[in-house]
Amino acid sequence: MKTLVYFASGPPKPAYQQLDYDRVILIDNCFGNRSVYSSPVFNKGKVT
């Protein structure tokens, strides 16, 4: 299993689903905005 951890990723983009990894973990300050991301963790496809 190949995993990509992407620091300072910005918000999720559809292109992340096409990357040649089994899992993509996004880390960015924008996820602290509770009005846009109500949960501290989200999963959509292979992106977390």
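**Reading a predicted model: exposure, phi and a salt bridge**

Modeller: At 61% relative accessibility, alanine 8 counts as exposed, where exposed means over 50% relative accessible area, buried under 20% and partly exposed in between, with a 1.4 Å probe and protein chains only. This is a predicted model, in which local features need pLDDT of at least 70, side-chain atom pairs count only at pLDDT 80 or more, and totals for chains, interfaces and linings use all residues. Residues are numbered from 1 along each chain as its sequence is written, and side-chain values use heavy atoms, leaving out hydrogens and water.

Biologist: What is the phi of alanine 8?

Modeller: Most residues other than glycine have a negative phi. Alanine 8, although not a glycine, has a positive phi of about 55 degrees.

Biologist: Is serine 9 buried or exposed?

Modeller: Serine 9 counts as buried because its relative accessibility is 4%. Leaving aside residues up to four places away in sequence, serine 9 touches Tyr16, Leu26, Ile27, Asp28 and Phe31, contact meaning heavy atoms within 4.5 Å.

Biologist: How many salt bridges does a search of the whole structure find?

Modeller: Side chains of opposite charge can pair when their charged atoms come close. The search finds one salt bridge, defined as a side-chain nitrogen of Lys or Arg within 4 Å of a carboxyl oxygen of Asp or Glu. Aspartate 20 forms it with lysine 2, and the closest N and O atoms are 3.3 Å apart. Aspartate 20 is exposed, with a relative accessible area of 60%, whereas lysine 2, with 42%, is partly exposed.
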